[in-house]
Amino acid sequence: MNPDREDRGGRVPLPGFGDRAPGDPAPGGSAPGGPAPGDPGPGDWGSRRQAAPDRRDGIRHARRMSNWTLAALIAGTGAATVALAHQAFPTATAAGTTAATTGAGTTATAHGASGPQVGHSVATTSGSGVTVTTTTHTVKGKTVVTHVRHVPAYHDN
Amino acid sequence: MPDATAVAPAAASWRPVDTGDTTVAVAQRSALGTTARLAVWPPENIGPAIALVDDVLSSLDLQASRFRPDSEISWVHRAHGGLFMLSDGLAEAVRVALAAAAWTGGLADPTVGAALISLGYDRDFAAIDPGGREPVPAPLPAPGWQSVRLDGPLLRLPAGVLLDLGATAKGLGSDRAARAVQVATGNRGGVLVSLGGDIAIGGTPPAGGWPVLVADGPGPAQPVRLARGGVATSSVTCRQWRRAGRAVHHIVDPRTGLPADGPWQAVSVTAATCADANAAATAAVVAGDQAEQWLTGAGLPARLVDHGGGVRYTGGWPEGEGGLLPLPADSHVYRGAGPRGGAR
């Protein structure tokens with residue numbers, strides 16, 4: 001890995017754009033070379049000032065909301081969250097899903113919702129090249145599972 | 001997805017493997033000097049999946065095999081250093097190898113090529129004289145992965161530096177193949193690809209995960225289940241040959257240029273991808289006494305077998321039979337390298 005090519009997160013200022021990203025409002029309301037798309041024109045400043053009292057009224061109106069209303073909103077949101085979580089949990093575990101918590105604190109989940117049941121090993125991880133073939137036979141009504149180890153003449157891991 | 005009956009000509013070398021389950025189809029062939037195994041569900045996906053895996057394996061072989069004079073990496077090596085425009089596939093393979101080297105602190109370093117050749121691993125393993133009496137040359141420590149520069153497809157390789165992608169290439173191949181099948185099937189079903197025991201999966205696993213065996217170590221193989229990511233094993237008990245009466249093997253310590261001589265005969269690791277697991281298993285063998293510490297720091301579940309047959313488990317690797325392998329953290333080797341195994 002070339003250390004010079006390490007991922008550099010964050011915003012990189014472009015020449016001529018200072019610390020602004022494209023689309024950010026410019027100081028003074030316009031970007032160099034003219035207003036940026038979406039910037040309010042001079043007339044908009046007037047309407048902003050006009051709108052200020054209305055906004056203050058709205059804030060006062062909101063403050064007048066009853067504490068009971070606020071409490072009801074919080075309680076409703078919490079109940080909805082609990083209900084969604086309750087519905088989601090059985091969905092994830094109902095269809096043969098298994099989970100294990102690792103020593104590292106992560107959780108592995110096998111979503112077996114649409115996968116078939118597979119009882120016999122299909123592959124072997126082995127540095128020595130050993131593979132194990134599992135075969136199943138029925139002898140006198142009993143199922144006999146046989147594991148046969150194969151050691152190759154050569155192998156590359 | 002191509003027609004299930006349309007199997008590529010190369011697929012003729014595959015043979016079916018009867019595992020006793022009719023819900024999956026399993027096939028196997030020799031590839032890349034080892035064994036490739038493919039398992040899919042539903043079983044009717046096996047034909048097209050074989051064609052896709054063949055395509056991935058032949059491409060990887062042409063890109064990264066040190067033993068093919070017509071491979072791209074052999075062409076690079078013959079130039080004895082310089083600036084090269086690589087194919088997307090080899091560029092990804094080198095990028096993953098360099099990322100693995102950075103992640104493992106140089107324990108899995110792709111610049112061990114010259115050291116391996118000096119030890120006698122200069123041809124396909126089947127062609128090496130196992131009882132070679134040539135003297136062991138002076139060790140050649142790896143020049144270091146930092147000496148290699150890769151900028152997109154542009155590779156700058158110093159003269160005398162030879163790359164060996166053995167610590168990541170098979171994992172990458174498994175990741176590529178599993179991804180190719182997964183994409184082609186539109187996630188309808190699941191796939192498992194094993195190259196020399198380095199296993200990647202894609203799509204939806206069987207209920208409870210793919211059942212796989214961990215074969216190295218004392219006693220019977222350990223059955224585990226893999227539902228996410230990949231698993232790989234590195235071992236010093238394979239690919240051994242002799243030099244001046246001394247047994248040598250193919251896992252080279254980049255710091256010394258000599259075969260790793262730590263306490264582990266085999267290390268199995270599960271990780272977010274097979275290439276991660278491949279690199280980590282090799283790094284753990286090289287790390288020796290520091291392996292458990294490194295694996296724990298990396299948050300990787302692992303199973304380590306020492307030369308006496310003792311087995312140690314780290315990071316939540318299940319100690320019993322049939323346990324689900326834990327889901328490790330995100331990939332390190334594909335970070336910044338684009339889609340996982342996305343190149344062909």
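Q: What end-to-end span should helix α5 (residues 169-184) of chain B have?
A: At 1.5 Å a residue, its 16 residues should span 22 Å, and the end C-alpha atoms are 22 Å apart, so the two agree. The expected span is 1.5 Å times one less than the number of residues. This is a predicted model, where local features need pLDDT of at least 70, side-chain atom pairs count only at pLDDT 80 or more, and totals for chains, interfaces and linings use all residues. Residues are numbered from 1 along each chain as its sequence is written, while chains are lettered from A and ligands numbered from 1 in the order in which they are written.
Q: How are helices defined here?
A: They're DSSP runs of H or I, at least four residues, and strands are runs of E, at least two, numbered from the N terminus.
Q: How many residues of α5(B) are buried?
A: 14 of the 16, so the rest of the structure largely encloses α5(B). Buried means 20 or more other C-beta atoms within 10 Å of the residue's own, with C-beta atoms placed from the backbone.
Q: And which residue just after α5(B) has a positive phi?
A: B:G186, at about 60°.
Q: Switching to chain A, what's in there?
A: Two helices and five strands, running α-α-β-β-β-β-β from the N terminus.
Q: What share of chain A is buried?
A: 15% of its 157 residues.
Q: Back to B: at what angle do α6 (residues 274-287) and α7 (residues 291-298) of chain B pack?
A: About 145°, with axes 8 Å apart; axes are lines fitted to C-alpha atoms over the stretch in contact, and angles run from 0 to 180 degrees between N-to-C directions.

How values were computed. Buried ≥ 20, exposed ≤ 12 C-beta atoms within 10 Å, placed from the backbone.
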